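Student: Hi! I have a fold on my screen and would like to talk it through with you. Could we go piece by piece?

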Amino acid sequence: MPEAELYAPIKRFLEAQGYDVKGEIGPCDVVGIRGEEGPVVVELKGKLTLSLILQAVDRLTVSSAVYVAFRVGRGENVWQTRRKRVLSLCRRLGLGILTVSREGTVVPVLDPAPYRPRANAERRKLLLKEFAERVGD
């Protein structure tokens, strides 16, 4: 499914939530506006790639609600094999994830939100203990 074929399912998905949606606004693939809320930006690619993630990070300068959207199904190896790590990365970057099936079904996997790491007191304690016990470099 080429990038252009992802636009219609994403547009329908956002419109169903009350957004006014337009494509190719400036450098953004999809922009949705609802009332007085800030814009929702969606970057589209046929598959999950580093290029898609980098584009989405660039869009964080215009909106705090940025999603990556890509096709899932057979052949989408990165998503299938590294799903947990991809979710963790996008969570840390403050990005949302929308997946699009071959049939055009959009699934919101992760909503964008500011990253707030949870402190792990035990790991910190072990790190400081090892540092104190180590002699030299």
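**Starting at one arginine**

Tutor: Happy to. Let's begin with R59, which counts as buried because its relative accessibility is 11%, under the 20% cut-off. Keep in mind that this is a predicted model.

Student: Where is R59 found?

Tutor: R59 is in helix α2, which covers residues 50-59.

Student: And what is R59 in contact with, leaving aside its neighbours in sequence?

Tutor: Once neighbours within four places in sequence are set aside, R59 is in contact with P27, C28, V41, E43 and V66.

Student: Which strands does α2 lie across?

Tutor: Helix α2 lies across β2, β3 and β4, and runs at about 160 degrees to β3.

Student: Let's do the sheet, then. What is the order of the strands?

Tutor: The order is β1-β2-β3-β4-β5-β6, in an open sheet of six strands with mixed pairing. The edges are β1 (20-25) and β6 (106-110); each has a single partner strand, so one side of each is left without a neighbour in the sheet. From one strand to the next, the twist averages 25 degrees.

Student: How many bridges join β5 to β6?

Tutor: Four bridges join β5 (residues 96-100) to β6, and the two strands run antiparallel. As one example, L98 has P108 in β6 as its bridge partner.

Student: Which helix packs on the sheet and touches β5 and β6?

Tutor: That is α1 (residues 3-16), which also touches β1, β2 (28-33), β3 (40-45) and β4 (65-71). The direction of α1 makes about 150 degrees with that of β3.

Student: Which residues of α1 are buried?

Tutor: They are L6, P9, I10, F13 and L14. What covers them includes β1, β2, β3, β4, β5 and β6.

Student: Changing topic: is α4 buried or in the open?

Tutor: Helix α4 lies largely in the open, because the number of buried residues among its 13 is zero. This helix (residues 121-133) reaches 18 Å from its first C-alpha to its last, close to the 18 Å expected at 1.5 Å a residue.

Student: What reaches to the backbone nitrogen of E122 at the start of α4?

Tutor: A side-chain oxygen of N120 does, coming to within 3.2 Å of that nitrogen.

Student: Back to the sheet. Where is T105 found?

Tutor: T105 is in the loop between β5 and β6. At 46% relative accessibility, T105 counts as partly exposed, since that value falls between the 20% and 50% cut-offs. Not counting residues up to four places away in sequence, T105 touches T99 and V100.

Student: How are T105 and R59 separated?

Tutor: Their C-alpha atoms are separated by 24 Å, and the two residues are 46 residues apart along the chain.

Student: Great, thanks for the tour!

Key:
Residues are numbered from 1 along each chain as its sequence is written. This is a predicted model: local features need pLDDT of at least 70, side-chain atom pairs count only at pLDDT 80 or more; totals for chains, interfaces and linings use all residues. Side-chain values use heavy atoms; hydrogens and water are left out. Buried means under 20% relative accessible area, exposed over 50%, partly exposed in between (1.4 Å probe, protein chains only). Contact means heavy atoms within 4.5 Å. Two strands pair if DSSP finds at least two bridges between them. Axes are lines fitted to C-alpha atoms, for helices over the stretch in contact, and angles run from 0 to 180 degrees between N-to-C directions. The expected span of a helix is 1.5 Å times one less than its number of residues. A polar contact is a pair of N or O atoms within 3.5 Å; within protein, one must be able to donate a hydrogen and the other to accept it, and residues adjacent in sequence count only if both atoms are side-chain atoms.
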